[in-house]
Amino acid sequence: MRKNIVAGNWKMNNNLSESKALVKGIKKAIKGKELKNTRVIVSPTYVNLRAVVKKAKKSAVEVAAQNMHQADSGAFTGEISADMLKSIGIKTVILGHSERREYFCETDEILTKKVDQALKNKLEIIFCFGEKLEERKNDKHFEIVESQLKNALFHLDAKAWKNIILAYEPVWAIGTGETASPEQAQEMHAFIRKIISEKYDAKVAENVSILYGGSVKPANAKEIFSKEDVDGGLIGGASLKADDFVALIDAI
Ligand SMILES: O=C(CO)COP(=O)(O)O
């Protein structure tokens, strides 16, 4: 059975002490909570990963990186490898976030390499994708999402999908306060499951967790998360305060 997941993408927020305080707050708030089938993940910036991994120890909080480079090692100033992440206890990496695609020129081709590199290193992937406003307005959203998935993930064999979490994040809903309606999210998530089922089989499609991301907050989470094919959220702004983030875990 697929898991529900509430994942906080802290982006370029929180210095060392703020990161430690935030994970401590989350850890304290969920201690003793019955999380049932729900995973809780936080994703601090690279420099604070190690400290957050340490703080999260002996708790249900898991820690993911926000990105990694596609090469094993070498002359790539400023970059971080899969092996480096693993060596500090990271098991999950976010790839393909729209901010990486937009501001750091990450193409489907680069993302395919990153996906392969992560899986080769036994890292689990939270793979992000989603259409831009213009594309939705022109009724191209299904086409765009299908091509993003096909281009970066459909070369994988069925077994590899055990290590894939999908995060549908319509670009027009990220940090804008505008969320996709629960119906729009459900419609897209059901479409994603359908194309995975067609490419692989119903089992692969049923087992993959598909998260929604884009202005999820305590006020709207319950309705979005209640949809059949929405298995939780990838949260930006509302993951930066322990109270808000824990309210989202409670909304699952
Ligand atoms: O980009 C996001 C998570 O990766 C969503 O960000 P917001 O929740 O701030 O809209």
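## Ligand site and selected residues

A polar backbone atom of Gly236 sits 2.9 Å from an oxygen atom of the ligand. This is a predicted model, in which local features need pLDDT of at least 70, side-chain atom pairs count only at pLDDT 80 or more, and totals for chains, interfaces and linings use all residues. Residues are numbered from 1 along each chain as its sequence is written, and side-chain values use heavy atoms, with hydrogens and water left out.

**The ligand**

Gly237 also reaches the ligand through its backbone: an N or O atom there lies 2.8 Å from a ligand oxygen. Asn9 uses its side chain instead, placing a polar atom 3.1 Å from an oxygen atom of the ligand. These are polar contacts, meaning pairs of N or O atoms within 3.5 Å; within protein, one atom must be able to donate a hydrogen and the other to accept it, and residues adjacent in sequence count only if both atoms are side-chain atoms. On its own the ligand has 310 Å² of accessible area, and the protein covers 95% of that. Such areas come from the Shrake-Rupley method with a 1.4 Å probe; for residues, only the protein chains shown count as cover.

How many residues surround the ligand? There are 13, and the closest are Lys11, His97, Gly175, Ser215 and Gly237. By class, the shell holds 7 polar, 4 nonpolar and 2 charged residues. Here Ala, Val, Leu, Ile, Met, Phe, Trp, Tyr, Cys and Pro count as nonpolar; Asp, Glu, Lys and Arg count as charged; the others, Gly among them, count as polar.

Lys11 has a backbone feature too. Its phi is positive, near 50°, in a residue other than glycine. Lys11 lies in the loop between β1 (4–9) and α1. Helices (H or I, at least four residues) and strands (E, at least two) are DSSP runs, numbered from the N terminus.

**Gln66**

Gln66 is in the loop between β3 (61–65) and α3. A polar atom of the Gln66 side chain lies 2.9 Å from the backbone oxygen of Ser43. The Gln66 side chain also reaches the backbone oxygen of Pro44, at 3.4 Å. Neighbours within four places in sequence aside, Gln66 is in contact with Asn9, Trp10, Lys11, Ser43, Pro44, Thr45 and Ile94. Contact means heavy atoms within 4.5 Å.

**Helix α5**

Helix α5 covers residues 108–120. At 1.5 Å a residue, its 13 residues should span 18 Å, and the end C-alpha atoms are 18 Å apart, so the two values agree. The expected span is 1.5 Å times one less than the number of residues.

Which residues of α5 are buried? They are Leu111, Thr112, Lys114, Val115, Gln117, Ala118 and Leu119. Buried means under 20% relative accessible area, exposed over 50%, and partly exposed in between (1.4 Å probe, protein chains only). The buried residues of α5 pack against the helices α3 (82–87), α4 (98–103) and α7 (141–153) and the strands β4 (92–95), β5 (124–129) and β6 (164–168). After α5 comes Lys122, with a positive phi near 60°.

**Buried and exposed positions**

Ala167 belongs to strand β6. Its relative accessible area is 0%, so Ala167 is buried. Beyond neighbours within four places in sequence, Ala167 touches Ile126, Phe127, Cys128, Phe129, Leu211 and Leu234.

Ala205 is placed in helix α9 (residues 202–207). At 3% relative accessibility, Ala205 counts as buried. With neighbours within four places left aside, Ala205 is in contact with Arg193, Ile196 and Ser197.

Glu34 is in the loop between α1 (16–30) and β2 (38–43). Lys36 has its place in the loop between α1 and β2. Glu34 counts as exposed because its relative accessibility is 65%. Lys36 is exposed, at 68% relative accessible area. The phi of Lys36 is near 45°, a positive value in a residue other than glycine.

Lys58 lies in the loop between α2 (46–56) and β3. At 88% relative accessibility, Lys58 counts as exposed.

| Pair | Apart in sequence | C-alpha to C-alpha |
|---|---|---|
| Glu34 and Asp250 | 216 residues | 9.8 Å |
| Lys58 and Asn14 | 44 residues | 22 Å |
| Ala167 and Asp231 | 64 residues | 9.6 Å |
| Ala205 and Trp161 | 44 residues | 9.1 Å |

Methods. Near = heavy atom within 4 Å.
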